[in-house]
Amino acid sequence: MAGKELEDQTKNLLEDEALSGDSSDDDLQEMGTGGSRKIFFQIYIFILTFFTYATLHISRESWSFLKEKVKEKESPGIGLSSDDLGTIDMFFFFIYSIGIFISGILGDNLNKNLLIGCGYLITCAASIMIGLGGLWDIRSVWYYVGFFSLNGIGQSVGWPSVIAIMANWFPKKGRGFWFGVWAANPNVGNILGTLICSLTNDQFGLEWSWTWIIVAIIVGVFGIINFIFMIEHPDKVGIIIRDEQEEREAMLEQEQRPNTSEEENINLTQRNGDSTIDGNQSPNNDGLDKAAPPNINFFRAWCVPGVIQYSICYLCLKLCNYGIMLWLPTYVSEELLFTPSQKALIAILYDIGTIIGSISLGFLTDMLYGKRIPICYVSLLIATVFHSFLIFLGSSQKVLIFIVIFILGFFIGSISNMVASTACADIGKHASIKGNESALSTVTGIVDGTGSLGAAAGQKGIGYIQDHASWTAVFIMMTSFVFTSSIPISCIFIREIKEIINLRRVAKQEKVKTIK
């Protein structure tokens, strides 16, 4: 009976999907003043949030690029070892992870303009102090640990807030592709960070400290821009963003509860009905939902289906992604003797692979009825194979190393982006939360915070192993974590494959009926 019920539910969803095509005529009619206004604001929010988070990765990539200069024993270097740099990165990500748990909760309760603005200004101030430490020739590792920890607190407000804002403005349908494009913002930030460092350090000959201060000022400027110009929800400008897929899921859930009170049915109908009157303007209180459910707490958010599995997966995945991002320039300089231009090129190549992978794999998940895990799971297994190549490749095989790094960006970087953005947006809007949009920051904070704990441990581990063993040992450790990241989502992979097969079978049956 359970299989029959699942098939019936699938038919209903597919019929609704077909009927939603009728609404496209209404959408075309909305392309007057109201529709154009909605599209304008969506483009505006897309660009603003994209570069808002990209600025944080300008900062992070700059640090990875400048590590070689920081390790120099003579001024302007400050003589820190790889183990010291690993300690700094560990504290940064550990404090960042704690901060992001808290920021996720704050993002559900406070104004996101204020939150992003204050966080970015804290990051700006802490980064300036780090740069000044280099200019003042301060060589104590704990000075930098302290200000990098403060930097981590400031940066922790970024991801949960911008994910929640994007999810408010863009509906679930097509989210895999659009979030795939948008989630390339860390990699664009990395590329810009590499270019800024190459320009200021290698071309203009500035000390690493001045480069770091310039980057800090860029972050501070974006904090002020967000404080003044960010629009966290369409309601703020009287716009309603219809999410037909979430409406159908809510209606289906309502139909499966025969004991639902008449009052709840009226509320659900009213909530869905209000959002379909105009597509842009709400007839009551500019789209404010009077019956909005209360925020879910931090502990209840862990019970949302998928949160624990995604969090454990991201813990291992972020360790590897940031291990490549923060240590690749150091590895190719010290071990493979790359020139500065080759070092910049291979760092950019990883990000280009991530950008292409984020867009193409995100589009594929949309083609699979929005099921993200099958693509994630297969990609992680492929990435495990290619990551193991780094254990054996040496300086005489530079071309192969460039190819492998691009492929790792395509699979590891893109899946990391998908888990941290699209998947978080999906589970943050899960039916079990009953339409509570404000829960999204908390869910995102949990997933990204758990991932950052892995990144914290990984950076310390990489620095320690590199100092006391070898880069080969580092790559063995990282390869094992790439494979481990696939284990928590293996059960979801099997379930979603079955769902896809069932959806395709029912779709085929409906197509045959239509032909007859």
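These are my notebook entries on a predicted model of a protein.

**Overall make-up**

I began with the secondary structure and found 19 helices and zero strands in the protein. Next I looked up burial: of the 516 residues, 56% are buried. I then turned to the contacts between residues with a separation of 6 or more, and 84% of these join residues 24 or more positions apart. For the accessible surface I noted a total of about 21600 Å². Carbon and sulfur atoms account for 66% of that surface.

**Helices H4 and H9**

I picked this pair to see how two helices meet. H4 covers residues 112-135 and H9 covers residues 208-229. Their axes come within 8 Å, and I noted a crossing angle of roughly 170 degrees. Angles over 145 degrees count as roughly antiparallel, so that is the label I gave H4 and H9. I also wrote down the handedness: H4 and H9 make a left-handed crossing.

**Serine 341**

My last stop was a single residue. Serine 341 sits in helix H14, which spans residues 340-367. Is serine 341 buried or exposed? Its relative accessibility is 53%, and the cut-off for exposed is over 50%, so I logged serine 341 as exposed. I also checked serine 341 against aspartate 202: the two are 139 residues apart in sequence. In space, I have them down as 9.3 Å apart, C-alpha to C-alpha.

How values were computed:
Residues numbered from 1 in each chain as written. Predicted model: local features only at pLDDT ≥ 70, side-chain atom pairs only at ≥ 80, totals over all residues. Heavy atoms only, no water. Axes fitted to C-alpha atoms, helices over the stretch in contact; angles between N-to-C directions. Helix = DSSP H or I, 4+ residues; strand = E, 2+ residues; numbered from the N terminus. Parallel < 35°, antiparallel > 145°, perpendicular 65-115°, else oblique. Left-handed = near helix turned anticlockwise from the far one by under 90°. Buried < 20%, exposed > 50% of the residue type's maximum accessible area, 1.4 Å probe, protein only. Contact = heavy atoms within 4.5 Å. Areas by Shrake-Rupley, 256 points an atom, 1.4 Å probe, with all protein chains shown as cover.
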